[in-house]
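Could you look over this model with me? My notes on its pockets follow.

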Amino acid sequence: MSKKLDAFLEENLTELKDQGLYNEIDPVEGPNGAVIKIGGKDLINLSSNNYLGLATDEGLKKVAIEAIEKYGVGAGAVRTINGTLDLHVQLEEKLAEFKGTEAAISFQSGFNCNMAAISAVMDKNDAILSDQLNHASIIDGCRLSKAKIIAFKHSDMEDLRQKAKEATESGQYNKVMVITDGVFSMDGDIAKLPEIVEIAKEFDLITYVDDAHGSGVTGKGKGTVKHFGLEKEVDMQMGTLSKAVGVVGGYVAGKKQLIDWLRVRSRPFLFSTAVTPGDVAATTAAVQKIIDSTELHDKLWDNGDYLKKGLKELGFDIGDSATPITPCIIGDEKLTQQFSKRLFEEGVYAKSIVFPTVPRGTGRVRNMPTAAHTKEMLDEAIEIYAKVGKELNVIK
Ligand code: PMP
């Protein structure tokens with residue numbers, strides 16, 4: 001056993017704890033719905049990405065169980081050997097329909113999808129223009145590709161344009177990509193896709209949108225690219241199947257040739273076992289539900305507006321979210337964690353988000369209302385926010 005490793009862990013863990021940057025994990029003892037049980041206690045859950053409540057949907061549970069009965073619990077191999085079940089093919093056809101593209105490819109998670117897809121398309125002769133607040137999986141995917149990473153200021157189109165001009169005119173790079181989250185999950189703001197697409201056209205950039213938090217939420221459920229009517233303009237529409245869709249996985253939708261390339265060059269597709277039959281079947285059914293009806297989507301937005309109004313009226317800083325994501329920005333990391341702990345004690349589960357997930361000094365308690373919440377639950381949560389906010393001097 002290495003003494004160096006022990007010393008490294010001791011030193012770094014202590015430092016994190018001292019700075020209030022060490023998050024404990026609370027195991028959930030039942031479904032991850034509008035109410036969750038943690039430590040034997042029922043709490044109003046404002047921390048899950050289960051935007052439409054589909055993670056606990058009875059119909060989808062049945063679909064998963066039926067698929068398990070028919071296929072078993074595992075896919076048995078990687079996609080390119082014999083792990084591609086007809087269920088995976090059906091899912092990918094459904095995703096292409098959902099996103100309005102020629103084809104789609106699915107992966108085991110959104111995280112490895114970004115790692116896979118970016119590095120399959122970009123290489124050391126290329127450059128990637130990346131919004132400075134892009135998700136960690138985008139950053140890691142960019143790093144893995146070995147392309148030059150050029151960060152542009154968050155949603156700053158002047159900065160992007162300038163950097164796109166410099167990168168393309170320098171003649172140093174073969175291909176240049178612009179990559180952005182569709183919805184930024186820490187603040188709930190939406191990327192300026194029409195401007196990004198304009199700049200991309202001007203400089204012939206590859207456009208890549210990670211719509212993990214937009215799919216099921218924006219564009220009447222069809223996502224941020226659809227919201228702006230840009231299905232024919234964005235090269236790579238990436239998304240997760242773990243948030244609004246409620247299950248697990250990631251995907252890229254785009255032109256058939258792009259998907260053909262990803263099938264032969266994405267390393268997690270080639271070297272990591274396929275998603276399980278129950279998950280894939282439930283995912284396809286969930287996507288179908290989102291295509292068929294906006295009922296859950298409408299409820300989600302209604303609940304989002306309700307919670308935002310309630311917290312704003314109390315005097316909380318909820319930022320500029322343009323989606324149901326409702327951050328409550330506290331600032332100081334320790335106070336943020338204390339705030340979240342007090343909410344927990346009072347019956348609300350709303351997790352603190354601190355550095356390195358968000359920049360230092362912008363700690364927040366992030367609230368994710370869903371279609372599954374009732375107004376009574378939200379009223380109760382707002383009351384608890386008022387009590388804790390006054391107690392900790394965050395509001396008057
Ligand atoms: N992209 C973004 C923008 C995300 O927020 C997340 C999830 N935190 C991911 C990718 C990764 O998705 P998954 O959880 O499905 O791996």
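1. The lining of the largest pocket comprises 15 nonpolar, 16 polar and seven charged residues (nonpolar: Ala, Val, Leu, Ile, Met, Phe, Trp, Tyr, Cys and Pro; charged: Asp, Glu, Lys and Arg; polar: the others, Gly among them). This is a predicted model, where local features need pLDDT of at least 70 and side-chain atom pairs pLDDT 80 or more, while totals for chains, interfaces and linings use all residues. Numbering starts from 1 along each chain as its sequence is written, and side-chain values use heavy atoms, without hydrogens and water.

2. That pocket has a volume of about 720 Å³. A pocket here is an open set of points on a 1 Å grid over the protein atoms alone where a 1.4 Å probe fits, with protein on both sides within 12 Å along at least five of seven lines; lining residues have an atom within 4 Å of a point. The volume is the space filled by probe spheres set on the points, which are joined across faces, edges and corners.

3. Of its 38 lining residues, Asn 49, Met 186, Lys 243, Ile 353 and Arg 366 are the closest to the centre. Domain 1 (17–46 + 293–390) and domain 2 (58–290) both contribute to the lining, so the largest pocket lies between them; the bounds come from an automatic or database domain assignment.

4. The second largest pocket holds about 460 Å³ of space. Its lining has 20 residues, with Leu 133, Asn 134, Met 186, Thr 357 and Val 358 nearest the centre. Each of domain 1 and domain 2 supplies at least three residues to this lining, which divides into 10 nonpolar, six polar and four charged.
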